[in-house]
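Dear colleague,

I am handing over the structure we spoke about, and I would be glad if you could look through it with the notes below at your side. Please open the sequence and the model together before reading on.

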Amino acid sequence: MGRRPLPPEDGRIMDITCANCDHIYPPDGLLYRCPTCGGLYDFRNPLPFDPAQVDRSQPGIWRYRHTFGLSMDFEPVSLGEGSTPLVWAKVLGRKVAFKCEFLNPSGSFKDRGSVVISAWLQSRCIREAIEDSSGNAGASFSAYATRAGIKARIFVPESASGPKRRQIEAYGAELKPIPGSRAEAAEAVRMEADEGIAYASHAYLPFNIPGYATAAYEIFEQLDDKMPGAIILPVGQGGLLLGLARGFSALRIATNIKKNIPKIVGVQASACAPLWAMYKVGDAEAGLLTKTPTLAEGVRVRTPLRGEKVLREVAVSHGYMCVVEEHEILPGREALSRLGFYVEPTSAIVWSALVQTIHQLPDPIVVILTGSGYKYE
Ligand SMILES: [Zn+2]
């Protein structure tokens with residue numbers, strides 16, 4: 001303590017504003033929502049991706065540090081996140097690329113976001129933080145918090161899988177199981193956050209979105225500087241979808257590619273598919289589809305905070321929202337396993353969506369495999 005927060009690079013902090021009332025994100029502390037109106041903070045402008053500023057001497061996502069809005073003159077923690085393989089396989093006669101995000105250090109794509117959130121905490125000298133999670137975000141944040149010397153407390157729904165809970169505790173974070181659903185865990189954590197403890201939320205904070213965008217830059221490079229035709233991924237809050245969409249948009253601007261960004265196919269489980277419902281039948285029906293438990297606990301988000309922005313990106317990309325029935329999830333997981341990809345049920349919902357949409361999608365199709373099968377028992 002006592003050290004002044006490091007200045008953000010190029011006044012990028014001015015670019016983070018309340019999406020509702022334009023309140024500028026304060027230069028210290030870690031507000032999770034606007035104190036004036038309760039709105040969400042977000043980056044006001046497109047991500048400033050610049051091929052000339054990509055630092056190839058750095059590992060993984062840190063090559064793209066110039067897009068994070070962080071100060072350049074401090075050393076963030078890193079566990080080697082990013083640079084995940086893009087692996088090709090034949091599906092229904094087509095060559096499809098699988099981006100193996102489950103190979104990130106804590107076993108999920110969340111590491112790309114957690115490490116950037118941890119860096120913001122580090123840069124603001126914050127030593128204690130809370131987070132709520134169905135498992136992956138909590139495990140991921142715990143890994144980076146322990147590395148950065150930040151005391152973490154993670155609120156999880158009691159239903160969160162055993163391996164994820166053990167992983168959170170193994171990193172040394174304090175686990176707070178909350179009876180009820182994900183929404184109850186979120187409510188419990190907000191009550192503490194409103195008392196002033198830093199809330200390192202993957203849902204409220206915008207800092208992880210440029211982290212997720214790095215997957216788009218990597219995919220572009222792995223396709224020999226080409227845009228995918230389509231991209232398929234699971235959607236809960238939709239942070240990864242926003243990151244990928246913004247990453248591809250930034251690439252399009254930076255490289256002068258005339259082609260549209262890839263068609264985005266967002267996938268939800270039918271037990272909790274509010275974004276699919278909004279996409280398909282309009283807002284009013286959304287509440288009818290969110291009542292039952294699902295194997296895809298990682299995308300069981302009743303009210304995605306940036307839902308409208310997520311759907312706008314899907315529409316701009318000329319993509320779709322897909323829904324997967326509960327009985328399709330485990331066969332999808334088996335089909336992926338037979339290709340050599342061992343993922344958790346939440347990740348496996350992409351399989352059925354791929355089979356549903358493959359004939360409508362242009363090449364190359366990229367499927368994002370978000371979380372490791374080791375996290376499921
Ligand atoms: Zn506001």
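What follows is an account of what was found, taken site by site.

Please keep in mind throughout that this is a predicted model.

What is the geometry of the site? For comparison, the ideal angle for four tetrahedral donors at a metal is 109.5 degrees.

Two of these cysteines can also be described by their accessibility: Cys-18 is buried, because its relative accessible area is 0%, whereas Cys-21, with a relative accessible area of 35%, is partly exposed.

Thr-36 is found in the loop between strand E1 (16-18) and strand E2 (41-43), and its relative accessibility of 59% is the reason it counts as exposed. The loop between E1 and E2 also holds Asp-28, which counts as partly exposed because its relative accessibility is 45%. The C-alpha atom of Asp-28 is separated by 9.4 Å from that of Ile-126, although the two residues are 98 residues apart along the chain.

**The end of helix H1**

Ser-123 belongs to helix H1, which covers residues 110-123. Is Ser-123 buried or exposed? Its relative accessible area is 6%, and therefore Ser-123 is buried. The side chain of Ser-123 reaches the backbone oxygen of Trp-120, at a distance of 2.9 Å.

**How the helices cross**

Helix H5 and helix H6 (residues 239-255) have axes that come within 7 Å and cross at roughly 55°. That angle makes H5 oblique to H6, and the crossing of the two is right-handed.

H6 in turn meets H8, their axes coming within 10 Å and crossing at roughly 45°. H6 and H8 are therefore oblique to each other, but the crossing of H6 and H8 is left-handed.

H8 (residues 307-316) also packs with helix H7 (residues 274-281), at an angle of about 55° and with the axes 10 Å apart. H7 and H8 are therefore oblique to each other as well, and H7 passes H8 in a right-handed crossing.

**Backbone details to look at**

Most residues other than glycine have a negative phi, and most peptide bonds are trans.

Which loop holds Leu-92? Leu-92 sits between strand E3 (86-91) and strand E4 (94-100), and its phi is near 50°, a positive value in a residue other than glycine. Leu-92 is exposed, because its relative accessible area is 52% and the cut-off for that class is over 50%.

Asp-224 has a positive phi too, of about 55°, although it is not a glycine. Asp-224 lies in the loop between helix H5 (208-222) and strand E9 (230-234), and with a relative accessible area of 62% this residue is exposed.

The remaining place is the peptide bond from Asp-363 to Pro-364, which is cis, with omega near -15°. Pro-364 is found in the loop between helix H10 (345-357) and strand E12 (365-369).

**One more loop residue**

Finally, Ala-173 is found in the loop between helix H3 (162-170) and strand E7 (174-178). Ala-173 counts as buried because its relative accessibility is 9%, and its C-alpha atom is separated by 18 Å from that of Ser-78, a residue 95 residues away along the chain.

With kind regards

Note on methods
Residues numbered from 1 in each chain as written. Predicted model: local features only at pLDDT ≥ 70, side-chain atom pairs only at ≥ 80, totals over all residues. Heavy atoms only, no water. Helix = DSSP H or I, 4+ residues; strand = E, 2+ residues; numbered from the N terminus. Buried < 20%, exposed > 50% of the residue type's maximum accessible area, 1.4 Å probe, protein only. Polar contact = N/O pair within 3.5 Å; in protein donor to acceptor, adjacent residues only side chain to side chain. Axes fitted to C-alpha atoms, helices over the stretch in contact; angles between N-to-C directions. Parallel < 35°, antiparallel > 145°, perpendicular 65-115°, else oblique. Left-handed = near helix turned anticlockwise from the far one by under 90°.
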